2 protein chains.
Amino acid sequence: MDMTSCSGVSEILGQVGDKWTIQVVIALLEQPRRFNDLRRSVAGISQQMLARTLRALERDGMIVRTVHATKPPQVDYALTDLGRSLSEPVRQLAQWAIDHRTAIRDNRERFDAR
Amino acid sequence: MDMTSCSGVSEILGQVGDKWTIQVVIALLEQPRRFNDLRRSVAGISQQMLARTLRALERDGMIVRTVHATKPPQVDYALTDLGRSLSEPVRQLAQWAIDHRTAIRDNRERFDAR
């Protein structure tokens, strides 16, 4: 399976592999969330980056944005089936990062000390 | 498992999830490769971006750079065990991108036509 030459795949990889996309998908796995709730649960993301990430995910059909007819109206974001289907590869990637965090940190220290 | 709050994880996710990193790892899965061979097999990557991606992968201990004592000396890049351990999550992410490429394209067309 030659994954690098498939047209469009690298562009999609670039998007789904993006660290903010991965973390927003992980945060939405548990439940739909509102904007500020998402912003609190994804450490370090700016308002602008979260808005951009949510728009890209909505455009790809990975999340759905719902405006509730409350006073004032409330908006939340939830994974679609397509978005939820990404959860397994994302979870594996995140788990890999957790499992190898120390080894990578040590390798970086050795490399920088060369 | 709260994957978003682990310190350092999001930074590692940002790196391993990066589209060029994913494609260089995929390209090195088959065999060690030289710089220009890598550049040909990762569609659209610039010389500078490939050099930067390789340096980051080497610094993380994901690849090893070997200078062969040939005339002229030849350099190749190969995955380490740590680098190879990333291959499964990367393969899953790439397969996900291939499987859902058409659905995402259709969703984007619908979104842009709104």
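B:W96 is in contact (heavy atoms within 4.5 Å) with A:I12, A:V16, A:M62, A:L82, A:S85, A:L86, A:P89 and B:I104, leaving aside its neighbours within four places in sequence. This is a predicted model, in which local features need pLDDT of at least 70 and side-chain atom pairs count only at pLDDT 80 or more, while totals for chains, interfaces and linings use all residues. Residues are numbered from 1 along each chain as its sequence is written, chains are lettered from A in the order in which they are written, and side-chain values use heavy atoms, without hydrogens and water.

**Around B:H100**
- B:H100 is found in the loop between α6 (87-99) and α7 (101-113) of chain B; helices are DSSP runs (H or I, at least four residues), numbered from the N terminus.
- The side chain of B:H100 reaches the backbone oxygen of B:W96 at 2.9 Å.
- Beyond its neighbours within four places in sequence, B:H100 is in contact with A:L82 and A:S85.

**Interface**
- Chain B and chain A each bring 48 residues to the contact.
- Of the interface residues of chain B, 100% are also interface residues in chain A, so the copies meet through the same surface.
- There are 6 salt bridges between chain B and chain A, a salt bridge being a side-chain nitrogen of Lys or Arg within 4 Å of a carboxyl oxygen of Asp or Glu.
- B:R108 and A:D60 meet through their side chains in a salt bridge (2.5 Å, N to O).
- On the side of chain B that touches chain A, α6(B) gives the most, with 10 residues.

Conventions
Helix = DSSP H or I, 4+ residues; strand = E, 2+ residues; numbered from the N terminus. Polar contact = N/O pair within 3.5 Å; in protein donor to acceptor, adjacent residues only side chain to side chain.
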